[in-house]
Amino acid sequence: QLQDRLYGWAEGIESNAVAVHIHNLRRKLGDDWIETVRGMGYRLGALNEPR
């Protein structure tokens with residue numbers, strides 16, 4: 001959804017801007033706070049917390 005809002009449906013632009021920001025957040029917060037959910041996006045919160 002973030003990429004669709006940033007670049008629109010009709011745009012042929014592909015960017016790794018979201019991935020770069022997630023990488024920087026993981027570096028600052030630690031790997032346990034942002035989970036990659038394949039095919040969906042990202043989930044925030046400590047990974048050892050119950051869902």
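Residues are numbered from 1 along each chain as its sequence is written. In this predicted model, local features need pLDDT of at least 70 and side-chain atom pairs count only at pLDDT 80 or more, while totals for chains, interfaces and linings use all residues, and side-chain values rest on heavy atoms, with hydrogens and water left out.

The secondary structure consists of 2 helices and 2 strands, where helices (H or I, at least four residues) and strands (E, at least two) are DSSP runs numbered from the N terminus. Along the sequence these elements follow the pattern α-α-β-β. Strand β1 (residues 34-37) pairs with β2 in the antiparallel sense over 4 bridges; pairing requires that DSSP finds at least two bridges between two strands. Within this pair, glutamate 35 stands opposite arginine 43 in β2, and threonine 36 stands opposite tyrosine 42 in β2. The two strands form a hairpin with 3 residues between them, and glycine 39 in the turn has a positive phi of about 80°.

Of the 51 residues in the protein, 10% are buried (under 20% relative accessible area; exposed is over 50% and partly exposed in between, with a 1.4 Å probe and protein chains only). The protein exposes about 4,800 Å², of which carbon and sulfur atoms supply 52%; areas come from the Shrake-Rupley method with a 1.4 Å probe. Among contacts (heavy atoms within 4.5 Å) with a separation of 6 or more, 3% are between residues 24 or more positions apart.

The largest pocket has a volume of about 310 Å³. A pocket is an open set of points on a 1 Å grid over the protein atoms alone, where a 1.4 Å probe fits, with protein on both sides within 12 Å along at least five of seven lines; lining residues have an atom within 4 Å of a point. The volume is the space filled by probe spheres set on the points, which are joined across faces, edges and corners. Two or more lining residues come from each of α1 (2-7), α2 (17-29) and β2 (41-44), and α1 gives the most, with 3 residues. The lining includes Gln3, Asn16, Thr36 and Tyr42.

Asparagine 16 lies in the loop between α1 and α2 and is exposed, with a relative accessible area of 53%. Asparagine 16 and glutamine 3 are 13 residues apart in sequence and 9.3 Å apart in space, C-alpha to C-alpha.
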